[in-house]
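Reader: I'd like a close look at one part, starting with a loop. Then please connect it to what else you can show me. Keep it brisk.

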Amino acid sequence: MKLSVFNGSPRGKNSNSQVFIDQFSRGFQHEGGKVSKTFYLVQNQNVTDYATEFMEAEAALLIFPLYTDSMPGIVKYFIEEVGDFDGKQKPVVFMVHSGFSGGIHCVTVVKYLEMLSKKWNLSLAGIIVKPGSEGTRLKPDSWNRRMIKSMHRFGSDFIKYGKLDAKQLKRFKGPDQLTGYQLLGYKLMNWIGLSNMYWNMNLKKHGAYAKRFDAPYH
Amino acid sequence: MSKKITFINGNPENGSLELDKFHEDLLAELKREPYELNYIELVNEEIKFCIGCWDCWWKTPGLCRHDDSMNKILRSIINSDLLVFSSPVIMGFYSALLKKCHDRLIPLVHPYIEIVNKELHHKKRYPEYPLLGVIIDPDGSGKNEIEVIRTVFSRLALNFKSEVRFFHTTDSVTIKDLKNEIISI
């Protein structure tokens with residue numbers, strides 16, 4: 001099976017989406033599949049060509065980060081360019097990942113993708129959801145072991161069975177809302193001033209910490 | 001002081017003619033009212049896609065690195081009492097043109113995180129945000145697709161610590177009723 005990959009991250013190659021793609025591809029290739037090419041939807045000047053590639057692909061993976069509770073604009077642009085077409089039960093995997101923990105943020109776009117797969121007459125193998133994905137690309141592999149193992153399995157299951165395991169998908173996504181422990185953890189981090197450490201570190205790095213509460217349009 | 005409305009028309013080029021007519025009729029009614037109305041046709045604006053750089057959060061807080069029409073649009077939005085979005089449904093969702101604009105709203109919120117209803121959300125950057133109104137031309141789409149769109153805008157309202165005051169499809173509301181709804185806000 002030949003897989004065409006569509007990276008819908010506005011960050012292109014230097015994205016968390018790319019990390020997930022690489023690991024999924026490894027699992028896919030391990031079982032004898034071929035990854036033909038990755039198309040970067042951020043290069044939206046090529047959207048017509050990319051839409052054609054999607055329509056002609058033998059199998060496809062479309063992955064994107066959650067942007068304001070749904071797909072990034074470049075992905076919607078791509079979807080509109082593909083338009084109405086009969087996918088003839090083309091096997092497809094969708095993946096959406098969000099910076100925030102908690103699967104709730106992706107629930108709505110997952111519903112959309114399910115409807116889209118019916119509209120396009122696709123054989124939907126599964127929708128992978130990964131909350132808490134921000135910073136994935138910055139972490140060493142040793143910190144991403146569980147994610148790597150899961151993405152490998154998704155890739156290999158896709159070529160072996162044409163379907164991703166529902167329990168595995170559910171486990172990978174985790175609960176929709178923060179658990180009691182997570183809530184406690186965030187409240188504690190807030191209390192000791194660590195919850196916004198990442199933002200403060202970067203604000204200081206860019207010399208913008210003093211301006212962090214700027215409201216320039218007022 | 002007269003109320004301010006920012007009306008963002010997300011109908012793309014060669015989009016819905018019905019929605020164009022709906023806008024025309026609605027604007028004719030609204031222009032008779034004592035509102036400051038800023039009507040923005042996204043198709044006539046220069047707006048780049050968000051690239052996820054987060055300059056608006058950690059380099060130039062509140063300001064996007066792109067110098068395009070979103071500067072004036074964001075200024076208009078945050079100084080409005082009501083923000084109305086309109087779009088046709090295209091491929092089961094609102095237009096890519098409107099989505100592009102929606103993505104570029106993030107400078108209006110702060111990167112700092114808080115817990116709301118057991119979910120993580122970003123804090124406000126501004127003390128107040130406009131109420132939201134949404135007008136959708138369903139163009140034959142089903143109620144599940146409309147429901148998905150409604151939910152996305154209710155999530156925007158959650159992030160704006162605001163509310164969606166109205167959500168209508170063009171086939172479910174008259175111009176007169178919509179005008180009365182807007183002026184009662």
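Author: Asn117(B) sits in a chain B loop, with β5 (109–116) on one side and β6 (119–124) on the other. Helices (H or I, at least four residues) and strands (E, at least two) are DSSP runs, numbered from the N terminus. The model is predicted: local features need pLDDT of at least 70, side-chain atom pairs 80 or more, and totals for chains, interfaces and linings use all residues. Residues count from 1 along each chain as written, chains are lettered from A and ligands numbered from 1 in written order, and side-chain values use heavy atoms, without hydrogens or water.

Back to Asn117(B). Its phi is near 50 degrees, a positive value in a residue other than glycine. Asn117(B) is exposed because its relative accessible area is 58% (exposed is over 50%, buried under 20%, partly exposed in between; 1.4 Å probe, protein chains only).

Chain A has a loop residue with positive phi too. Thr68(A) lies between β3 (59–65) and α3 (73–82) of chain A. Its phi is near 40 degrees, and Thr68(A) is not glycine.

Now the sheet in chain A. Five strands form an open sheet, ordered β2-β1-β3-β4-β5 with parallel pairing (a pair needs at least two DSSP bridges). Its edges are β2 (34–40) and β5 (122–130), each pairing on one side only. Strand β4 (90–97) runs parallel to β5(A), joined by 8 bridges. There, Phe94(A) stands opposite Ile127(A) of β5(A).

Lys204(A) belongs to helix α8 (residues 197–205) of chain A. Lys204(A) counts as exposed because its relative accessibility is 53%. Its C-alpha is 48 Å from that of Gly162(A), 42 residues away along the chain.
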